[in-house]
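Hi everyone, thanks for making time today. Let me put a structure on the screen and walk you through it.

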Amino acid sequence: MSAEQQIIKLGLDLPEVPSPSGNYVPSVQTGNLLFLSGKGPVGLPVGKVGGDTSVEEAYQHARSIGLTLLSVMRDSLGSLDRVERVVKVLGMVNAAPDFGQHPAVINGCSDLFIEVFGESGRHARSAVGMGSLPNAMTVEIECIVEVKSD
Amino acid sequence: MSAEQQIIKLGLDLPEVPSPSGNYVPSVQTGNLLFLSGKGPVGLPVGKVGGDTSVEEAYQHARSIGLTLLSVMRDSLGSLDRVERVVKVLGMVNAAPDFGQHPAVINGCSDLFIEVFGESGRHARSAVGMGSLPNAMTVEIECIVEVKSD
Amino acid sequence: MSAEQQIIKLGLDLPEVPSPSGNYVPSVQTGNLLFLSGKGPVGLPVGKVGGDTSVEEAYQHARSIGLTLLSVMRDSLGSLDRVERVVKVLGMVNAAPDFGQHPAVINGCSDLFIEVFGESGRHARSAVGMGSLPNAMTVEIECIVEVKSD
């Protein structure tokens, strides 16, 4: 089943690509690699994970970022079916200084990519804790995908 | 107008490439991609943005990093005119834990790249907050550029 | 002398590749680039560098991460002799907010790469301070390597 068919089957609703908050663009393709800018969760929830925001809430935030990143991919490539492979994810959690469950948070995005792309959704990843994030949002994720040659 | 002509027209003075502060090199090219090491502002200003350093000051620091990154590109490639495209910027702000205006800071570098390269200067980007940075400097930025095939 | 010969000559013992702590894989190759997931030190030492963990201890942690990254490269490519070049390292230190010696910490990994690969081990790098890391570990490092074409 193709990624676009999977989106329909799962009943996923991709959000609009948000306007960049600074002087940059949502993605740049070079050769077969598409570099996506870091995105925050839909609705820009504010908080420190491990403080006023739970791991379960932050998992959902990471999933909502995943939907936005899918939307950027579709916008840039015309169709999610042009994604050959998710290559690399950098998951950045706005966390309390003693927080340690970053992987469980960023799984919200990783699980979604694997639901949509299957084995081609499996990626290399780092999931780490930032000191702060734009607008004090809880999570930000950027990624690199490989584009089909066609 | 070429990037090198633009540098002259804007009256920009590129700083010398600083010596790496550790066991690494300023940039590595692989295929058509040039990966640049993270750099700090000229003069290595110390502080926490949103604490003792204002957004306006940090914007200027990010701009000065941009000048250094241009200098690294020229040094590595022989001329800025060999840059096909700025692909990706990772802007890292040494910020207070409740800081939220990272995009406004990193625009200092992004604006410069667009002044110099025009549309080819537009890049994917993340602008985020670190817990600390080398020498307690205020901002660090790394980037990836695509090199012309020639 | 090849990298694999160098491993023997230096008497280095590569650890097993640890299971990913989330829904991701240790590395993904796209074209000639191998992207490696972020890894922590063997034994997952806990602490804040510049707080309860010294620069010297953290240097050894970074070196032990380097050994794990070498192990991931060998596992992915069949042999370290298929590495053409270490391209980029992102060294992330779980540091106290006023810490400033990140480069001295991440040299633990960089020095190792140069011992093993010689000039081909020299890489672009950023060494920065995170607000927190998974399991409260002291250091995390990810990297990108270029793979030989053959």
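What you see is a predicted model, where local features need pLDDT of at least 70, side-chain atom pairs count only at pLDDT 80 or more, and totals for chains, interfaces and linings use all residues. Residues are numbered from 1 along each chain as its sequence is written, while chains are lettered from A and ligands numbered from 1 in the order in which they are written.

Now, about that axis. The copies use different surfaces, though: 9% of the contact residues of chain B recur in chain C. Two residues are in contact if their C-beta atoms, placed from the backbone, lie within 7 Å.

Let's turn to chain A. What is the order of its elements from the N terminus on? They run α-β-β-α-β-α-β-β, giving three helices and five strands; these are DSSP runs, with helices being H or I of at least four residues and strands E of at least two, numbered from the N terminus.

Among the contacts in chain A with a separation of 6 or more, 82% come from residues 24 or more positions apart. Finally, the C-alpha atoms of chain A fill a box of roughly 45 × 35 × 25 Å, taken along the principal axes.
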